[in-house]
Amino acid sequence: MIPITSLKLLKHKALLDRLPKDHPQYRYIYDKWRQFESGQVGEANLEYYLKRAYLDSPQFLNGLRFEHQSAFQIDWLLLDLGYRIILEIKNYTAPIYFDPHSRQLIRTKAGEKEVFPDPLLQVDLQYAQLRRFLDEHNIEQLPTFTAAVFVNRNAILELQDYPNRHRILTAQALPSFLEKIARKHPAKISPSRNQEIVSFLRNHHQEAHFPVLDRYGIKWSDLIKGVPCPACTRFAMNRIRQRWQCPFCNERSSDAHLPVLFDLALLSENRITNKLAREFLGTASPEVIKKLFQRAPLIRKGNNKGAYYKHVDLIKYL
Ligand SMILES: [Zn+2]
C-alpha cells in the first residue's frame with residue numbers, strides 16, 4: 001500500500017521534534033525536511049490539474065515505488081483504458097535552461113549556477129523499468145507516454161534549444177496534454193480490468209528503507225527524551241498515579257505517550273523495544289511499559305529477550 005503522507009516526511013518530522021536545535025546536524029536535516037515537504041506539496045497540487053482533464057476512466061497513482069531489479073519510483077502514474085502516462089514532477093524555481101547536448105538542466109539563482117539531471121531521462125528510465133515489471137507479471141502493455149511537469153509558478157523554462165520540449169510541461173498545460181493523448185487512444189481494456197491492474201500495482205508498492213537516524217549519523221543519545229505536554233508542547237511530563245502530568249502548565253493526560261510511541265516506531269523502522277520505550281517515556285519500570293504497550297496500538301513480535309513491538313498504523317509499510 002502507498003502511505004497517504006510520505007513516511008520519509010514523517011520520519012524527518014519525528015527526528016526534528018526530538019533533536020536539540022543547537023545540534024550540529026539540525027539545520028541540515030531541517031532544510032532536507034523542507035525540501036521533501038515542498039516536493040510533496042508540488043505533487044499533491046498537481047492532482048487538481050490531473051482531475052481537470054476530460055478522460056475516459058482514468059486511475060491515478062501517486063508515489064508508486066517498486067523494488068524490482070533496481071528500485072524505482074514514479075511521481076504520478078495515470079492508467080486509462082487505452083494508454084498510460086508517467087509524470088515526473090519538479091518543483092524548481094528560478095530560470096532553468098535545458099541543455100540539449102549535455103542533457104542537463106542549468107538553474108541560475110542569485111547569480112549562481114546549479115545543475116540537475118534531465119527529468120526526461122529519469123522518466124524514460126522509469127518507463128523501461130515499469131515495462132519490465134508489467135511483462136514479468138503478465139500485465140498487458142498499453143501505449144505509454146512520459147513527461148516532466150514543472151509545478152512551481154516561478155520557474156521560467158528556457159526551452160528554445162531543447163528538441164523534446166513538447167514533453168516538458170507546466171501544471172496548467174497538463175489537462176490539454178492529457179486530453180490530446182486520450183483522443184488518439186480508444187479503450188483497449190475494460191474499466192474493471194484497469195481497476196484490477198491498479199490494485200495489483202498498489203499492493204506491490206514498497207516503501208524505501210530509510211532508517212532516518214543512521215542516514216544522518218544521529219545517535220539515540222542525541223535525542224531529547226520524555227513525553228511532551230500535548231497542551232504546551234514542553235518536555236517532559238511526569239507519570240503520576242497512572243497519568244501524565246505537566247510540571248509547567250499542570251495539564252493532565254492519560255494518553256500523552258501514544259504520539260511518542262508512534263514517533264519511536266518511525267525512528268526505529270517500526271521496532272520498539274521495552275528498553276527504548278523506557279528511555280523515551282522516562283519510566284524506570286519495565287512493568288509499567290508492558291502495561292502501556294498492552295493498551296497501545298502495538299503488536300508484539302519475536303520472543304523473550306528478542307521481543308519488540310510494531311505500531312499497527314505502520315505495519316503495512318514497515
Ligand atoms: Zn504543559
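Reader: Is Y92 buried or exposed, and what is its relative accessible area?
Author: The model here is predicted. Buried means under 20% relative accessible area. Y92 falls under that cut-off, so Y92 is buried, with a relative accessible area of 15%.

Reader: Which class does the ring pair of Y92 and F116 belong to?
Author: The two ring centres lie 4.2 Å apart. Their planes meet at 25 degrees. Planes under 30 degrees apart count as stacked. The pair of Y92 and F116 is therefore stacked.

Reader: How many residues apart in sequence are the parts that Y92 and F116 tie together?
Author: Y92 sits in the loop between β3 (84-90) and β4 (94-99). F116 belongs to strand β6 (residues 112-117). The pair therefore ties together parts whose separation in sequence is 24 residues.

Reader: Which residues do ring pairs link into a cluster with Y92?
Author: F116, the stacking partner of Y92, is buried at 14% relative accessible area. F116 is also one of the cluster members. Linked with Y92 by ring pairs are F98, F116, F150 and Y162.

Reader: Why are Y26 and Y30 separated by about one helical turn?
Author: Both residues lie in helix α2 (residues 26-50). Y26 and Y30 are about one helical turn apart because their spacing in that helix is four residues.

Reader: Is Y30 buried or partly exposed?
Author: Y30 has 23% relative accessibility. Buried requires under 20%, and exposed over 50%. Y30 therefore counts as partly exposed.

Reader: Which residue lies over the face of Y308?
Author: A charge over a ring must be within 6 Å of the ring centre. The residue over Y308 is at 3.8 Å from that centre. This residue is R271.

Definitions and conventions. Residues numbered from 1 in each chain as written. Predicted model: local features only at pLDDT ≥ 70, side-chain atom pairs only at ≥ 80, totals over all residues. Heavy atoms only, no water. Helix = DSSP H or I, 4+ residues; strand = E, 2+ residues; numbered from the N terminus. Buried < 20%, exposed > 50% of the residue type's maximum accessible area, 1.4 Å probe, protein only. Phe/Tyr/Trp six-rings, centres within 6.5 Å; stacked < 30°, edge-to-face > 60°. Lys NZ or Arg CZ within 6 Å of the ring centre and 35° of its normal.
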